[in-house]
Amino acid sequence: MPHPSSTPSSTPPSSDATAHTPPRLLQSASNFRDLGGHSGLDGRRVRLRRVYRSDHLAALTPQDRAALQGLGVTHRIDFRGVAESAALPSDVDGLTPLALSIEPTVVHRVQALLARGTEPTEAEAVALMCQTYRGFAREAAPVYARFFRHLLDHSTPVVFHCTAGKDRTGFAAALLLGALGVSRDDILQDYLLTNRLYVRSPLVEALGPAHVMDVLWSVQPAFLDAAFATIEQDFGGLPRYLEGPMGLGARELQQLRDALLEG
């Protein structure tokens, strides 16, 4: 997602967020972090140094480029829309890119309202974000299925990202952790870490009322809850969603867990 300023989000971290903030692995990508370490199925830990999530990688310093390569990452999955990717090229030597584009919608909706002279309230901004997450679960399902297919087809470390690394990336992380048997509470804790880590970037601007922008550039439990509620209501729950739209039958799910869980 585009983001308007270089200052951290003014929205305080939720009290539900984990008290532990992971070490910053890259100084020039604030929301880059290892997805491993969580307790998954049967108490097996999600493997460290295997899957990373991030904000855009367009502003990496030479030191961080070297650090990223030192992590052994071979592929970069980009959930950004076409214009976003063109505006902030995130190519890194040694990383094979895979574009899994999900076009941004919520900023455009807000700007359309403002153009008509309607200023959304904070509650309306939250509702727009929830609508976006419901769209992730429904319309964007084929894109996330390709994300899982990549993880099944490649055994080397990967980083996946969008612009801020919080919404399209956050939903992907939640789905993956859910598939690995991580508890809903731990999934939410990982999701909410964005409020501690993410630093807004001046590279892409989005104009709007401060109270609306504060909603758009943060994460809230209600956003992720909207996606999971949609999965429950429309698809009969996460196991059926993984088996159906995500294409993870019993064999594929076992393959994924063997690859990404310890033991």
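Predicted model: local features only at pLDDT ≥ 70, side-chain atom pairs only at ≥ 80, totals over all residues.
Me: How many salt bridges in the whole structure?
Reply: The search finds 12, a salt bridge being a side-chain nitrogen of Lys or Arg within 4 Å of a carboxyl oxygen of Asp or Glu.

Me: Which side chain meets arginine 33 in a salt bridge?
Reply: Aspartate 190, at 3.7 Å from N to O. Arginine 33 is in strand β1 and aspartate 190 in helix α7 (residues 184-192), so the pair ties together parts 157 residues apart in sequence. Helices (H or I, at least four residues) and strands (E, at least two) are DSSP runs, numbered from the N terminus.

Me: And what does arginine 53 pair with?
Reply: Arginine 53 forms a salt bridge with aspartate 190, 2.8 Å from N to O. Arginine 53 lies in strand β2 and aspartate 190 in helix α7, so this pair ties together parts 137 residues apart in sequence.

Me: Is aspartate 190 buried or exposed?
Reply: Aspartate 190 counts as buried because its relative accessibility is 4%. Buried means under 20% relative accessible area, exposed over 50%, partly exposed in between (1.4 Å probe, protein chains only). Arginine 53 is buried at 0%, and arginine 33 is buried as well.

Me: Switching to threonine 132. Where is it?
Reply: In helix α4 (residues 122-137), buried with a relative accessible area of 10%.

Me: What does threonine 132 touch, leaving aside neighbours within four places in sequence?
Reply: Thr105, Val106 and Arg109, where contact means heavy atoms within 4.5 Å.

Me: Last topic: which phi value does aspartate 42 have?
Reply: Phi of aspartate 42 is near 55 degrees, a positive value in a residue other than glycine. Most residues other than glycine have a negative phi. Aspartate 42 sits in the loop between β1 (33-34) and β2 (51-54) and counts as exposed at 70% relative accessibility.

Me: What about arginine 49?
Reply: Arginine 49 is not a glycine either, and has a positive phi of about 60 degrees. Arginine 49 is found in the loop between β1 and β2 and is partly exposed, with a relative accessible area of 47%.

Key: Residues numbered from 1 in each chain as written. Heavy atoms only, no water.
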